[in-house]
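Colleague: I'm new to this one, could you walk me through it?
Modeller: Gladly, here it is.

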Amino acid sequence: NFRCRSAFKLLEIDDKFRLLQPGCSVVDCGASPGAWSQVAVHRVNSAGTDPAAPPGTVVGIDLLHIPPLDGAHFLSCHDVTIPPTHAKLLELLPGGQAHVILSDMAPNASGFREMDHVKLITMCFSLLDLAEKILLPGGSLLCKYWDGILAHELQEKLSRVFNSVQTLKPNASRKDSAERYFLARIYKKPEK
Ligand code: SAM
């Protein structure tokens, strides 16, 4: 049983793109209450359920409390967008590296669509700083955004450091919502 229906969005995306392989290290940003982490734990085998497959790692982060989950390491009450959290992640991940960064983060909606859009896109920009610190070359980033004027800018920034960037609207996402996901694959370290 999943903690939240959002699990079905990640299942749908991962069934199609197979981001979460046994043995992978995954960072789940905005993880509370933990449904995406449940999916990730299962797929990367971080609870060691399948002794024949390599065990992966799942680290979830949220501003809120995240109830414990077998196979996941949670940083509750942590802000994903600030460097001290990045430093903690570096310590928790094997070799300080991740294969996949997931983000279903969302700010508390104010109801002003454009303002909420800008807030969430700004949070997504910070994921690029995080990627630079922890994401393995060839790695993937899946991040939620609300569509609006800055979506192109985010897509462009992603395209500079990933070989492939696409927009996804899972069937499990409400048709009338502005919610979208960018799936960015094959990370190349940014040129300095
Ligand atoms: N994917 C989750 C699941 O399946 O259980 C649901 C995530 S919920 C839609 C969005 C979460 O993002 C909220 O729990 C919120 O607290 C978190 N969040 C928002 N801003 C954040 C930030 N700066 N750092 C960490 N988490 C944040």
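Modeller: One term to begin with: a nonpolar core is a set of buried Ala, Val, Leu, Ile, Met, Phe, Trp, Tyr and Cys residues joined through side-chain atoms within 4.5 Å, where buried means under 20% relative accessible area, exposed means over 50% and partly exposed lies in between, using a 1.4 Å probe and protein chains only. This is a predicted model, in which local features need pLDDT of at least 70 and side-chain atom pairs count only at pLDDT 80 or more, while totals for chains, interfaces and linings use all residues. Residues are numbered from 1 along each chain as its sequence is written, and side-chain values use heavy atoms, with hydrogens and water left out.

Colleague: OK, which residues touch the most other members of the largest nonpolar core?
Modeller: They are Cys29, Leu154, Leu158 and Phe162, in a core that has 36 residues.

Colleague: And which element gives the largest share of this core?
Modeller: That is H4, with ten residues; the elements that give two or more residues also include strand E1 (25-29), strand E5 (135-146), helix H5 (151-161) and strand E7 (179-187). Helices here are DSSP runs of H or I with at least four residues, strands are runs of E with at least two, and both are numbered from the N terminus.

Colleague: What does phenylalanine 162 touch?
Modeller: Leaving aside residues up to four places away in sequence, its contacts, meaning heavy atoms within 4.5 Å, include Leu128, Leu135, Leu141, Ala184, Ile186 and Tyr187. There is also a second, separate core of 27 residues, and among its members are Phe17, Leu19, Val26 and Tyr181.

Colleague: Let's switch to charges. How many salt bridges does the structure hold?
Modeller: There are eight, each being a side-chain nitrogen of Lys or Arg within 4 Å of a carboxyl oxygen of Asp or Glu. In one of them, the side chains of glutamate 179 and lysine 9 meet with 3.0 Å from N to O.

Colleague: Where do glutamate 179 and lysine 9 lie?
Modeller: Glutamate 179 is in strand E7 and lysine 9 in helix H1 (residues 7-17), so this pair ties together parts that are 170 residues apart in sequence.

Colleague: Is glutamate 179 buried or exposed, and what about lysine 9?
Modeller: Glutamate 179 counts as buried because its relative accessibility is 8%, and lysine 9 is buried with a relative accessible area of 10%.

Colleague: Which residue does lysine 144 form a salt bridge with?
Modeller: Lysine 144 pairs with aspartate 104, their closest N and O atoms being 2.9 Å apart.
Salt bridges that share partners join Lys9, Asp104, Lys144 and Glu179 into one network, and both lysine 144 and aspartate 104 are buried.

Colleague: Which residue does arginine 43 pair with?
Modeller: Arginine 43 forms a salt bridge with aspartate 15, with the closest N and O atoms 2.9 Å apart. Aspartate 15 is partly exposed, at a relative accessible area of 41%.

Colleague: Zooming out, how many helices and strands are there?
Modeller: The secondary structure of the chain comes to five helices and seven strands.

Colleague: And what share of the residues counts as buried?
Modeller: Of the 192 residues of the chain, 52% count as buried.
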